[in-house]
Amino acid sequence: MAISINGQDYPLPADPRTSLLDFIRREAGLTGTKKGCDHGQCGACTVIVNGIRINSCLSLAVTNDGDEVTTIEGLGTMAAPGTMQEAFMAHDGFQCGYCTPGQICSATAMLQELAAGWPSDATADLEAAPTLTDEEIRERMSGNLCRCGAYANIVAAIRDAAGEHA
Amino acid sequence: MRPFDYQRAERLAHAAQLTAQSDTLALAGGTNLVDLMKLQVETPQVLVDIGRLPLGTIEAEGDGLRIGALVSNTDTAVHPRVRADYPVLARAILAGATQQLRNKATTGGNLCQRTRCYYFTNIDQPCNKREPGSGCGAIDGIARIHAVLGASTHCIATYPGDMAVAMAALDATVEIASENASRSVPVREFHRLPGDTPERDNVLEPGEIITAVTLPAPVGGTQIYRKVRERSSYAFALCSVAAVIDLADNRFTRADLAFGSLAHKPWHDPRLADLLIGKEPSLALFDKAADLLLEDTQGYGENDFKIPLARRTLAAVLCEATGVEA
Amino acid sequence: MHLKQDKPDNRNVLDTTAQGVIGAPLTRPEGLLKVTGTATYAAEYEVEGCLEGVLVSVPIMSGEVLSIDEDSVLAMPGVVAVISDERLTGRAAQGTAGEAPFQPAQTVCYWGQPVALVVAETFEQARDAAKHLVIETRAQDVPVDPEKVDTKVEETTRTGDLAHAMAEAAHSVDVEFTTEGHASAAMEPHAAIAQWQDDSLTVHASLQMLKFNRAELADSLGLKEEQVRLVSPYVGGGFGSKLGISQEAVAASLAAMHLGRPVRVVMSRQQVFQTIMRRSETHQRVRLAADNEGRLTGFGHEARVSNLPGESFAEPVLQSSQFLYAGENRLLQLEIARIHRMTAGSVRAPGEAVGVQTVEQAMDMLAEKAGIDPVELRLRNIPEKHPANGKPFSSRKLAEALREGAKAFGWEPRPRKPRHTREGEWWIGTGVASAARVHAVVEAKARVTLRPDGTAVVETDMTDIGTGTYAILGQVAGEMLGLMPDDIDVRLGDTDFPAGSGSGGSWGAASCGSAVFLACEGLRKKLAERLKVADDGLTLKDGFVRWDGGEKALTELLDGKPLDATGHFEPGDSTEDMAISSYGAFFAEVAVNHWTGETRVRRMTGAFGIGRVLNARTARSQCLGGMTWCIGNALTETLLFDPNDGHLVNCDLAEYHVPVNRDVPDLDVLLLEERDGSASPIQAKGVGELGLCGGAGAIANAIYDACGARVFAYPMAPNRVLAAMPQN
Ligand SMILES: Cc1cc2nc3c(=O)[nH]c(=O)nc-3n(C[C@H](O)[C@H](O)[C@H](O)COP(=O)(O)OP(=O)(O)OC[C@H]3O[C@@H](n4cnc5c(N)ncnc54)[C@H](O)[C@@H]3O)c2cc1C
Ligand code: SF4
Ligand code: FES
Ligand code: FES
């Protein structure tokens, strides 16, 4: 009866109404994951659960019993930032920074989805392996709103992190 | 969110038994239900988590495919057979929501997702669907995203989803189980028109759980899902068309069409196929098809545009499928 | 050092210093905190024993709260209190108000106004109880539709005879436009944690202008300013929505004061939409009269905006129309309709964000009528002096922006005819628009301290809402003190620090940057005094001080003791004597779907003159942000109000469509070399808003060039484009 967050176990919340997002932010004290809308409409709360990205605001924490959750804190630290985090810094892929942890979690999972050959709405041929075009990045990152309007730099950061310098 | 009693269903019969009780709802991916519970649009006293029932696989069924009710939208869209044999379905799913949401959303939940009507989701506004008898805020209000086909004076809401529209075009079947029975209903008949009971979105009875959707044997053809929306991603359809089209000797041999966001259900009008089949594709013919489709439309001011938009989107899809030049 | 700037400062001191960091595209010093999720936003402070409050709104468009039945929720699990104090505020304060917004909250003026706060031990308990609180109201019918009320003239500028000029013109355009309301929709919802201890209040909040907000909060609560401390080091976006103190901060403070425990209040996304500032919808008329060569002889711009009764703010739609283009016969008139929707206030680039694009569309129509290339038409109509008041212009890069932008974009100079290029289902076209945004600076203070180890600290209550304040203030100080910005600790967002300008109106960088500049001038003076040399004879670089005849390490000169100076900048006559603005040009290429009217922006170029660039990377990012907003403004963003009770129907991020990543193509930004000594002593102007001032017009013009649809209503949603598209 626990949720593992970045490798550490936390007991399930007493109140079943607690969203996974509030659980992460309040009960585990990991405030890197953001609440932008609480209704699945912005992506700020994106975390990676058992390897796939979800909106943690729409998941009741009790249903995540036994799950392995990775948050922004699990992707790198101040002392040792991860590749995607460094790329976001280098390309100024943020301004206010509020959507940023969600963007970075999303981008990290997105590259794995692409490697696994998942198609997207921007994929021309459903049966061929998708490639990392800018249009693919944009479509796949469209679940993360950035009101500061850092999208152009976010795309560049992801391209860079993926090793496709352009 | 109101307090509720959380129960995890261990077996299907258990889930069916629990959800037969009043004020009890099944929770799958939660991307719609949790959203609405936070708004207190949904206020179950008991929440039955069906998420761990063994309904999460995609299997061949005869020549067709059986997609479990708990298969995530992602898993359906990326499945090799769906991509190869039912591309319209993969396309429809990929056009909906976002990767994060599709990773959580399930087949059953997507079919049962509720309308996005702004008055439905605002509990301080009248809404017959949420609170029967309270009136319809949208009819005299802002009806931009509302129905132009099959609405009633009680409710003009739409079914907002994409996946089911493709399933309607493919003539898929919903499999439903209750505690000691099961039945199947064509997707085309699963959602209802609002009539004077708009509180009911579909034909599910209390205690009934969707177990799967089965797709008939693949029919090939050109498959297209076309979604018109206000932004290029992460937006519900203003209007959508799912099409499975085949031609022989430049005449239609198949024209399975379904329309999204025009009505309280994915709209399938069998007369369209009857009209098209056997005929040579042409802009004039597509116009006739649109006349038929839109014979009984009614706009509510803000959404009047959907009527010409549906006509044009249908023409766009048929042109793309047949090679007719605009 | 204190400076009230009465004269232009064309010394360009920052070009003479040696460190070479000013303007450099350095990465943000707070970047690592942000990308690792370590930066702490308002709601995220760990505060022992913190209670949770949720605001309760009432669903009436106007009226009175008669009673609030506390007992309806007090027995619910975890509920601690219901706050219905008369000091609760129902609206947010306008930017720079410096006094309490409208009180009491129990007098309801718009649908969804918060009137009480429910406080409980946990968030879930408070949120549920808030829905159960029984409130008795007396509702009143009031107008909610700006089309249906009489308007009042706010401001008129008239010279010559426009009607006559129109009648005599060789070419004329007379068109009406509508723009819908916009929301700031900053990604971080409004939030506050209030703590009351020993008669003093500390509030961690998400605010843009702490100096003003402190006064507003103190006034709302009946406290002295000295009793209030605001802390706001990281702000998850503002765009105007956090200029004034808002309801959650006042409510959290009152709750903390009543209960003696810390209280956190975070607005739901729906509450942010329903109760925080909207940009007013507008109805505009633009009239242009021109001679044979397309030279303007008349210029008219009228606009109707709306706001609640009693609110001073009127969307300044005509602000840049006053001077952007020539035309001796002028009529500019702003009218306001008083209606009961939530407060209208500043949303990024108030005025120009909706006022420039319409003029730019009219210019495009004039270019077509006169058979002149639209870039050329604009170049021909750049006035020599301010057309209304005759003031000279300070540095103005409009012509350069049009020329350089056209070159970078690959603009083909020619008279234009729409529907020239089709790719499959898509019509392709291009469009241009000028950009203009008035310049403003306000009073600001900052303290800079040289530490004995040769590093420095910059302190001001200025905020960084994402614009790059941490970066640029470090660069100004580094340039002046001969230090690398890494050695400068910039501390912001705390009213314990000297009062800065606040972040808004694009004035933060020029105002606070000048305060830091002045503080550093003070430090340089002190160092020079120690060395007994003239301060302009000093060269500071890499921690060393050089002068004619010597060199010393800064640390040696400091001799183990810190040295500080405060800079105090005040605008003076220099901004009064001149017409000062930032300028630019936008070029857009769009694809419009023949069948559905869907529009996709395929690429966009923006060329901007913003005075001195303080950090090329963050300045570019500001422009990217503005251009992204242009796309939302042009195509998707619209507040939809119910015609019956005036409530905002699309009050969330699923139905209010801010642009998503896929809506935004490659954006090309050119920052033009410019120094504007009249604008500020560091020759900088504003950048945060310019990128949004006119660009939607370039998109509109591109839509026309693509498919022949002239759309006069923003946003240009598929239905509007289709309705205007010639059918054949
Ligand atoms: C911001 C946003 C944007 C979206 N955009 C789109 C879009 O563009 N296109 C689109 O199609 N969808 C869109 N969606 C909706 C999304 O697809 C649905 O929320 C999702 O499919 C619901 O699936 P779920 O498993 O999460 O359902 P849940 O939320 O768990 O359940 C939804 C309903 O279905 C019932 N239910 C679930 N499973 C079963 C079952 N097996 N048997 C009986 N009843 C069941 C539940 O009781 C509940 O009433 C969007 C959602 C959000 C939040
Ligand atoms: S359209 Fe239907 S869902 Fe919307 S307010 Fe009317 S009754 Fe409710
Ligand atoms: S907070 Fe979860 S999607 Fe916005
Ligand atoms: S960086 Fe501010 S919202 Fe993305």
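Reader: How much area do chain B and chain A bury between them?
Author: About 3,200 Å², with 52% of it on carbon and sulfur atoms. Buried area is the accessible area (1.4 Å probe) that two parts lose on being put together, summed over both. This is a predicted model, where local features need pLDDT of at least 70, side-chain atom pairs count only at pLDDT 80 or more, and totals for chains, interfaces and linings use all residues. Residues are numbered from 1 along each chain as written, chains are lettered from A and ligands numbered from 1 in written order, and side-chain values use heavy atoms, leaving out hydrogens and water.

Reader: Which residues in chain B lose the most area to chain A?
Author: B:Arg83, B:Gln100 and B:Tyr234, together 22% of what that side buries.

Reader: How many salt bridges between chain B and chain A?
Author: Three, counting a side-chain nitrogen of Lys or Arg within 4 Å of a carboxyl oxygen of Asp or Glu. One of them joins A:Asp65 to B:Arg8, with the closest N and O atoms 3.5 Å apart.

Reader: Switching to chain C. How many residues of strand E29 are buried?
Author: Eight of the 11 in E29(C), residues 599–609. Buried means under 20% relative accessible area (1.4 Å probe, protein chains only), and strands are DSSP runs (E, at least two residues), numbered from the N terminus.

Reader: What joins E28(C) to E29(C)?
Author: 10 bridges, and the two strands run antiparallel. C:Ala588 stands opposite C:Met604 there.

Reader: And the turn, how many residues between them?
Author: Five, in a hairpin, and C:Gly597 in that turn has a positive phi of about 75°.

Note on methods: Buried < 20%, exposed > 50% of the residue type's maximum accessible area, 1.4 Å probe, protein only. Helix = DSSP H or I, 4+ residues; strand = E, 2+ residues; numbered from the N terminus. Pairing = 2+ DSSP bridges.
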